[in-house]
Amino acid sequence: MQQSRKAFRLGKSITYYKKLQTLSQNKSLSEEQKYLQWMQNVGMLGYFITDNLVFASKAKVLRFDADEISCRGGILWFCANVAGFFQAVDNLNADVEKEKCVRDILASEDDVVRVETLQGQLDVLRSGRFKKLLAVLKVTCDLIVSSNTAGVRLSERIAGTKLHDGIIGSAGVVSAAVVLYNTWPSAPKNGLHSKEKTEIKMEANTEGKIRVKDETKSEAI
């Protein structure tokens with residue numbers, strides 16, 4: 001089962017290579033953000049490469065020490081999740097600071113139009129904050145799982161005991177649930193309005209046709 005799952009991840013490292021190319025051309029990020037994203041993407045790139053090598057080794061296509069490669073891949077995955085965790089927390093804190101600034105301005109604003117604009121910005125920030133909270137939750141769960149890989153074994157190094165499988169499984173389930181939530185298609189917001197507009201247009205056209213017919217009949221009489 002584990003090997004069949006690895007088969008679906010063949011070539012996934014290419015996506016992180018493209019992310020690194022895009023990141024190298026991005027000039028809007030701070031040095032800290034760029035460093036964290038580099039660390040995360042390089043870690044995930046290396047992890048999926050080692051994951052593919054392990055699969056090829058187990059499938060007898062290539063001759064490698066699968067256990068050694070798996071250990072190195074676990075370390076890369078853990079490092080990527082550490083960088084991802086700090087990045088997610090940093091993004092969340094940035095949104096909290098923005099929301100605080102908007103609230104301060106909103107408290108002293110009297111212009112109605114300006115208040116509505118600021119309220120809209122506040123709603124957007126709240127929605128974004130929820131998504132960033134989910135990002136922190138997901139990367140925390142991934143960090144827990146990756147800390148238990150063969151190359152890391154963080155719990156054994158600190159507490160001397162292996163992390164319970166129930167904790168690892170629960171963290172994996174929560175992480176997968178967050179991914180499903182983020183990828184679930186949202187309902188179209190303008191669907192109802194479009195339908196209402198269409199119905200209004202149809203009613204207007206119908207009334208117009210009836211009115212034209214009535215006028216034509218009146219002229220004929």
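K60, which lies just after helix 3, takes a positive phi of about 65°; helices here are DSSP runs of H or I with at least four residues, numbered from the N terminus. R153 also has a positive phi, of about 50°, although R153 is not a glycine. Most residues other than glycine have a negative phi. R153 is found in the loop between helix 5 and helix 6 (154-158). With a relative accessible area of 25%, R153 is partly exposed; buried means under 20% relative accessible area, exposed over 50%, and partly exposed in between, with a 1.4 Å probe and protein chains only.

The model is predicted, so that local features need pLDDT of at least 70 and side-chain atom pairs count only at pLDDT 80 or more, while totals for chains, interfaces and linings use all residues. Residues are numbered from 1 along each chain as its sequence is written, and side-chain values use heavy atoms, with hydrogens and water left out.

Helix 3 has 28 residues and reaches 40 Å from its first C-alpha to its last, close to the 40 Å expected at 1.5 Å a residue. The expected span is 1.5 Å times one less than the number of residues.

| Pair | Angle | Axis distance |
|---|---|---|
| Helix 2 (residues 13-24) and helix 3 (residues 31-58) | about 160° | 8 Å |
| Helix 4 (residues 66-107) and helix 5 (residues 112-146) | about 160° | 8 Å |

Axes are lines fitted to C-alpha atoms, for helices over the stretch in contact, and angles run from 0 to 180 degrees between N-to-C directions. Helix 2 and helix 3 are therefore roughly antiparallel; angles under 35 degrees count as roughly parallel, over 145 as roughly antiparallel, 65 to 115 as roughly perpendicular and the rest as oblique. Their crossing is left-handed, meaning that the near helix is turned anticlockwise from the far one by less than a right angle. Residues making the contact include Y16, Y17 and L20 of helix 2, and W38, L45 and F48 of helix 3; contact means heavy atoms within 4.5 Å. The contact residues divide into 10 nonpolar, 5 polar and 2 charged. Ala, Val, Leu, Ile, Met, Phe, Trp, Tyr, Cys and Pro count as nonpolar, Asp, Glu, Lys and Arg as charged, and the others, Gly among them, as polar.

Helix 4 passes helix 5 in a left-handed crossing. The contact of helix 4 with helix 5 has 21 nonpolar, 9 polar and 8 charged residues. V96 is placed in helix 4 and counts as partly exposed at 37% relative accessibility. The C-alpha atoms of V96 and L125 are separated by 8.2 Å, although these residues are 29 residues apart along the chain.

Note on methods:
Helix = DSSP H or I, 4+ residues; strand = E, 2+ residues; numbered from the N terminus.
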